[in-house]
Amino acid sequence: MTSSAAEHALRAAGLRVTQQRLAVLEAVRRLPHADTDSLIGAVRAETGEISHQAVYDVLKALTDAGIIRKIQPLGSVARYEGRVADNHHHVVCRDCGSIADVDCAVGEMPCLTASDASGYQIDEAEVIYWGRCPACASHP
């Protein structure tokens with residue numbers, strides 16, 4: 001995402017364009033599936049000092065606005081990604097915790113059909129595949 005695209009995304013979501021928001025957006029773009037501590041480190045490396053609370057606040061605002069997506073596989077800390085235009089899924093390594101994107105199994109959003117929606121209007125499906133990444137699988 002270019003700086004002008006990031007600025008446009010913020011404005012389109014009704015958010016003020018600030019240096020902190022731009023820095024966090026850039027960090028999420030560069031480090032897909034990064035946890036908060038990794039994002040704080042990346043933002044600090046680029047811009048200097050920023051508080052933990054400021055990064056948490058920006059992540060919440062960006063997530064609430066739909067500019068980024070928060071994922072939290074079972075037993076894992078929250079992670080963030082900039083791929084929000086589709087309803088993709090994730091695969092998580094049981095050994096090292098690495099995460100990769102997996103495109104929808106079938107069609108478009110929600111890309112899976114519930115056998116009984118219990119009256120809900122389903123608009124998204126979240127699937128997490130678990131296994132071992134290639135690096136971990138090569139070591140017994």
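Which residue takes a positive phi in the hairpin of β4 and β5? Gly-97 does, with a phi near 85°, and the hairpin has five residues between the strands.

This is a predicted model, in which local features need pLDDT of at least 70 and side-chain atom pairs count only at pLDDT 80 or more, while totals for chains, interfaces and linings use all residues. Residues are numbered from 1 along each chain as its sequence is written, and side-chain values use heavy atoms, without hydrogens and water.

Helices (H or I, at least four residues) and strands (E, at least two) are DSSP runs, numbered from the N terminus. Two strands pair if DSSP finds at least two bridges between them.

| Pair | Residues named | Bridges |
|---|---|---|
| β1 and β3 | β3: 79-81 | two |
| β4 and β5 | β4: 89-93; β5: 99-102 | four |

In the second, His-90 stands opposite Asp-101 in β5.

Helices α1 (residues 3-12) and α2 (residues 19-30) pack at an angle of about 115°, with axes 10 Å apart. Axes are lines fitted to C-alpha atoms, for helices over the stretch in contact, and angles run from 0 to 180 degrees between N-to-C directions. In contact (heavy atoms within 4.5 Å), Ser-3, Ala-6, Glu-7 and Leu-10 of α1 meet Arg-21, Leu-22 and Leu-25 of α2.
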